[in-house]
Amino acid sequence: MGQAICELKHMPLSGDKELDSQIKKWVKWDRNQDTLSQIMEAVRNEDWDTLRCRLCRRIDFGTAGLRAVMRAGFDSMNELVVIQTSQGLCAYIKEQCPDEAEWAERGVVIGFDGRYNSQRFAELTTIVFLSNNFRVFQFKRMVGTPFVPYTVMRMHSLAGVMITASHNPKQENGYKVYWSNGAQIIPPHDEGIQNAIMENLQPHPDSWDETLLCGNDLLSDPYNNVLPPYYDALKKEISCPLMEANGRCPLTFTYTPMHGVGYAYVKLAFSKINLKAVIPVMQQVAPDPEFPTAPSPNPEDPKTLCLAIERANEKKTEIILANDPDADRLVVAELDETKNFKVFTGNEMGALLGWWALENYKINEENPDIANCVMISSTVSSKLLKSMAQVEGFTHHETLTGFKWIGNKAIEEQNAGKKVLFGFEEAVGYMISTSVVDKDGIRAAAHVATMACYLRCKKCMTMQEKLRDLYEMYGFHATVGSYVMCTDSGLTKRIFDRLRTFEDGQENTYPTNILDGEYEVESVRDLTTGYDSSTPDKKPVLPVSESSQMITFVFKNGMEVTLRTSGTEPKIKYYAEMAGKPENKHWDELTTTLNKMMDGVITEFLEPAKNGLKVRKEE
């Protein structure tokens with residue numbers, strides 16, 4: 001670092017005061033030789049545009065924490081940014097909890113996955129909190145994301161940090177924050193943490209002091225204290241008769257952790273509830289930050305399941321379970337009548353697990369109080385749980401997109417004396433019980449396998465047959481969802497601004513129809529600006545956020561479509577649904593109409609040809 005500072009003094013800089021100031025700060029503060037060399041090399045090459053992008057823009061801390069490419073720069077994930085973020089988070093926790101005794105007693109939880117630099121970023125985060133006299137429960141081995149919120153609740157900690165980029169490509173990493181209630185942070189914590197980061201950018205000398213990790217009484221590994229109760233809680237969710245049925249059922253399950261951390265934890269979960277051991281996809285079973293067989297390790301992408309399907313065919317297993325690399329999400333596939341694997345969408349599995357959560361509750365309770373039960377889903381997920389609630393008598397709540405909202409709503413309902421059975425989002429995230437108030441792919445895998453055994457051996461049904469049964473009971477819900485890539489944030493904003501000023505630039509004027517008036521819009525809700533044409537005061541019930549784009553159109557024929565920006569990727573996502581009544585058996589017609597309308601919405605609202613956008617069709 002000292003050599004770089006000396007070299008910099010004798011080098012011509014850009015002449016841009018802001019950029020030159022940021023270059024000097026980076027060289028002064030960064031102690032990682034690789035990232036320091038990246039910046040110095042760019043200075044030597046007078047690559048001012050790259051330096052301006054890397055140093056004059058800062059990665060924003062939001063409710064999803066941080067997620068970005070690992071490289072040098074204040075806009076990226078690296079050691080310096082992790083230290084700055086940890087210093088800010090630490091300062092914010094101190095502000096919210098000024099009792100120093102609480103810092104040393106309750107402390108914080110820190111975990112990491114199998115990605116490049118995850119363990120190093122976790123250790124630096126630990127150092128920052130130790131240097132501020134916080135107790136730190138840091139896992140010494142790779143863990144699935146669900147173990148961090150579980151540990152926060154179990155240890156009554158002040159906060160938790162998970163170093164992961166979930167299913168993103170190998171070049172990326174992230175920093176995810178949980179609050180003391182065990183749920184992901186929601187406003188105003190995100191803004192408070194961001195402000196605290198900006199006030200604590202200069203690394204404290206102790207923030208790089210690795211000796212704090214050695215023989216420190218404030219540092220401990222919570223693994224042995226939290227693993228047994230985590231699995232004990234899972235066992236309590238499944239009755240003895242169901243566990244006995246698990247052992248008798250001949251069904252077997254092929255499993256892939258997608259080069260992530262899930263295998264050991266799912267394997268243990270299956271043994272605890274008397275399921276046959278999963279059959280692993282050997283090429284993907286060990287954690288590998290290269291993701292060699294799945295460059296985009298997202299199990300929602302059918303291409304990533306090719307090896308699992310090969311393995312399932314080889315071993316003649318009828319069901320495939322796939323976690324994402326940090327094991328908080330789950331994709332399920334089942335052999336169909338044509339001997340091909342049907343991959344369930346998040347909405348389909350959400351419907352099945354919603355039914356299962358209710359069925360399991362009835363099995364476990366002598367006097368079930370269904371009227372006191374609650375299920376929760378995000379606003380872009382299928383409304384089938386809502387339809388189910390209307391028939392069965394439980395309460396259904398809808399939240400904004402993301403498990404941060406689902407988890408916090410679950411806690412609110414639980415505190416009000418309600419029994420929260422289930423929560424889900426269409427992006428294959430499932431919360432079964434409130435042992436973990438976040439999506440949990442390990443617990444979901446155990447419950448899906450138990451549900452499949454119950455259906456097969458008790459009801460003589462496949463999961464696909466049960467799904468059709470649910471449609472018969474509650475109405476067929478046709479859904480479609482995908483995205484268009486848009487790396488230009490300015491263009492994204494212009495697309496959404498055009499929709500909300502559709503009539504000659506006037507505010508709150510939106511498209512009124514598609515396909516030359518064939519389908520008319522009944523109402524519009526804009527959760528970016530806070531407008532809802534369907535309410536008396538024109539204000540939406542759900543929270544408003546100016547930092548993200550989100551508009552929902554409800555058509556007169558019942559079709560509902562939401563357009564929104566992704567919080568972690570340069571995408572404009574869309575989610576659409578046609579919900580039929582139980583008496584409407586023309587399911588193909590509903591699907592055909594939905595697809596036709598979505599083609600119109602994409603063409604007329606997003607204008608992909610004009611804007612140079614590539615549409616990814618749902619597969």
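Me: What should I know about the numbering and the model before I start?
Reply: Residues are numbered from 1 along each chain as its sequence is written. The model is predicted, with local features needing pLDDT of at least 70 and side-chain atom pairs counting only at pLDDT 80 or more, while totals for chains, interfaces and linings use all residues, and side-chain values use heavy atoms, leaving out hydrogens and water.

Me: Which domains does the assignment give for the protein chain?
Reply: The assignment gives domain 1 (57–220), domain 2 (242–344), domain 3 (347–439) and domain 4 (476–615), and such bounds come from an automatic or database domain assignment. From a separate record, the unreviewed UniProt entry, comes the annotation "domain: Alpha-D-phosphohexomutase alpha/beta/alpha", covering residues 59–200, 229–336 and 346–472; UniProt positions are given in the numbering used here, feature names are shortened, and annotations may be inferred rather than shown by experiment.

Me: What makes domain 1 and domain 3 count as being in contact?
Reply: The centres of domain 1 and domain 3, taken over C-alpha atoms, are 29 Å apart, but contact is judged by heavy atoms within 4.5 Å, and the contact takes 15 residues from domain 1 and twelve residues from domain 3. Together the two domains bury about 1,000 Å², 62% of it on carbon and sulfur atoms, where buried area is the accessible area (1.4 Å probe) that two parts lose on being put together, summed over both.

Me: How many polar contacts and salt bridges are there between domain 1 and domain 3?
Reply: Four residue pairs, both at pLDDT 80 or more, are in polar contact across the interface of domain 1 and domain 3, a term that asks for a pair of N or O atoms within 3.5 Å, where within protein one must be able to donate a hydrogen and the other to accept it, and residues adjacent in sequence count only if both atoms are side-chain atoms. The count of salt bridges between domain 1 and domain 3 is zero.

Me: Why is the pair of glutamate 237 and arginine 443 called a salt bridge?
Reply: A salt bridge is a side-chain nitrogen of Lys or Arg within 4 Å of a carboxyl oxygen of Asp or Glu, and the closest N and O atoms of glutamate 237 and arginine 443 are 2.9 Å apart, so the pair qualifies. The structure holds 34 salt bridges.

Me: What makes the bond from proline 187 to proline 188 stand out, and what of lysine 538?
Reply: Most residues other than glycine have a negative phi, and most peptide bonds are trans. The bond from proline 187 to proline 188 is cis, with omega near 5°, whereas lysine 538, a residue other than glycine, has a positive phi near 65°.
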